[in-house]
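Hello,

Here is the structure we talked about. My notes on the ligand site follow below it.

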Amino acid sequence: MLVSFGGEMRATAGRVYRNFIGGEWVGPSGGASEVNRNPANTDEVIGEFPLSGENDVEAAVAAAREAYKTWRLVPAPKRGEILFRVAELLVKRKEEYARDMTREMGKVLAETRGDVQEAIDMTYYMAGEGRRLFGQTTPSELPNKFAMSVRQPIGVCGMITPWNFPMAIPSWKMMPALVCGNTVVLKPAEDTPLSSYHLVEAMAEAGMPAGVVNLVGGDGPAAGAPLAQNKNVPVVSFTGSTSTGRIIAEICAPEFKHCSLEMGGKNIILILQDANLDLAVDGAIWGGFGTSGQRCTAASRIAVDKKVYGEFVKRFVERSKKLRVGDGLDASTDMGPVINEQQLHTVMSYVEIGKKEGAKLATGGSRLTGGDWAKGWFHEPTVFVDCDAKMRIAQEEIFGPVVAVMPVEGLEQGIAVANDVPYGLSASVYTRNVNAAFSALRDLYTGIVYVNAPTIGAETHLPFGGTKQTGNGHREAAVAAIDFYTEWKSIYVDYSDKLQRAQID
Ligand code: UN1
């Protein structure tokens with residue numbers, strides 16, 4: 001079979017993957033598929049994946065709806081036991097899945113291992129929740145009356161996930177939903193279907209009953225939108241861009257669907273005059289260029305106290321220049337490619353915007369071509385210095401290896417700059433002054449704050465999410481996820497054998 005790739009016709013090879021609906025691996029009803037390629041070497045085919053449409057989504061939702069009838073009644077500890085077995089399989093296959101993930105989306109092996117590990121952590125955590133899922137008991141106002149509230153599942157959850165954490169994020173959504181007794185239809189990012197396939201395969205093998213988890217591959221408009229729209233899907237969870245999140249929110253609004261949105265970020269590292277600069281440089285490199293800057297938590301802005309600005313810039317730029325860009329499977333690589341051609345062009349266009357705005361390009365700024373880079377979507381680690389906080393490169397999410405550095409006059413101005421963006425996911429402050437650290441913790445208006453650590457590296461048992469246009473008030477992970485995937489039911493049991501009237505007698 002020949003497919004068009006950037007105008008060029010190439011032969012496909014590799015395995016043909018299918019959707020997972022009602023416990024069966026089935027091809028998409030329209031028969032369409034797409035060939036996925038390694039962003040570090042586009043000659044390498046990852047596989048052929050389904051491009052599904054509304055019919056496939058309908059079938060998956062119907063299967064999930066049917067399965068919900070029984071799954072919701074399975075005791076939560078038993079649901080947790082299945083999740084525990086999923087985690088055990090992921091542990092066994094971590095290396096294999098991580099390698100496939102690097103081939104599929106480019107980030108270096110150490111990071112894809114971390115991605116699988118996040119899925120493992122979340123799965124074990126939610127397996128344990130099967131024996132908790134705590135409600136509340138509370139005294140009644142009346143004698144011989146018992147009062148409590150319990151969590152109830154909601155139904156079929158539609159999940160639309162991004163390519164940058166292709167196993168971690170689907171697990172953040174699916175595991176809490178499932179342990180609570182909901183069933184799931186997952187529509188993974190079209191750039192990274194393989195990791196979701198692996199995750200769902202492990203879930204099926206661990207004994208998840210048919211229809212409890214369903215996987216439908218495809219793109220946003222053809223498969224994601226019908227999933228969010230489906231009237232039998234009362235819960236929608238989405239991670240991705242703010243513009244797509246707005247569309248999802250609009251789809252969900254008329255039916256008042258439960259809708260959780262995790263969207264953009266413009267996260268800052270704030271470096272105060274007393275900071276340990278070696279530590280701050282390490283943090284800025286990892287936060288700025290980890291996953292090629294393609295994290296919603298990436299440290300894409302760095303504000304540095306003027307007193308240490310020159311020294312920080314010198315060290316940070318030196319280190320950025322030394323980063324080795326290449327294939328993430330190569331142990332000597334520090335930074336892999338960006339995900340695809342379109343993302344590469346977005347990064348390149350922001351470099352032009354930065355130059356036009358008058359930011360000073362201190363290193364990087366170009367696509368990497370030729371040699372080992374000839375067949376991939378590589379871009380240099382790029383640092384703009386002397387930026388103004390109002391510049392577009394310091395305000396807008398780029399989702400690539402581009403960092404904007406700017407001088408600030410102390411803590412107060414640093415916090416004002418930090419908060420003056422449309423997003424509020426993560427922020428970090430480097431200082432050894434306990435008063436400054438606590439002031440920053442209080443005043444940074446974000447969902448996550450770090451002290452003396454970069455903006456990335458959230459753990460699965462703390463709430464994850466952001467303020468302002470990063471989210472819509474919900475959080476993922478931790479007990480916050482249990483809150484999203486359940487509804488409270490308050491229960492009153494009167495054992496007095498007579499009519500007792502609350503608030504009247
Ligand atoms: C994301 O970029 O969408 O905190 C998630 C972190 C990771 C998760 C990032 N644990 O950077």
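The second largest pocket is lined by 19 residues. E118, F165, R295, G457 and A458 lie nearest its centre. A pocket here is an open set of points on a 1 Å grid over the protein atoms alone, where a 1.4 Å probe fits, with protein on both sides within 12 Å along at least five of seven lines; lining residues have an atom within 4 Å of a point.

The model is predicted: local features need pLDDT of at least 70, side-chain atom pairs count only at pLDDT 80 or more, and totals for chains, interfaces and linings use all residues. Residues are numbered from 1 along each chain as its sequence is written, and side-chain values use heavy atoms, with hydrogens and water left out.

Helix α3 (residues 109-129; a DSSP run of H or I, at least four residues) gives the largest share of that lining, 6 residues.

Residues around the ligand (a heavy atom within 4 Å) include W172, C296 and F464.

Now the polar contacts (N or O pairs within 3.5 Å). Ligand oxygen atoms lie 2.7 Å from a side-chain N or O atom of T297 and 3.3 Å from one of N164. A backbone N or O atom of G457 is 2.9 Å from a ligand oxygen. Taken alone, the ligand exposes 320 Å², and the protein buries 99% of that (Shrake-Rupley, 1.4 Å probe).

Best regards

Definitions and conventions: A polar contact is a pair of N or O atoms within 3.5 Å; within protein, one must be able to donate a hydrogen and the other to accept it, and residues adjacent in sequence count only if both atoms are side-chain atoms. Helices (H or I, at least four residues) and strands (E, at least two) are DSSP runs, numbered from the N terminus.
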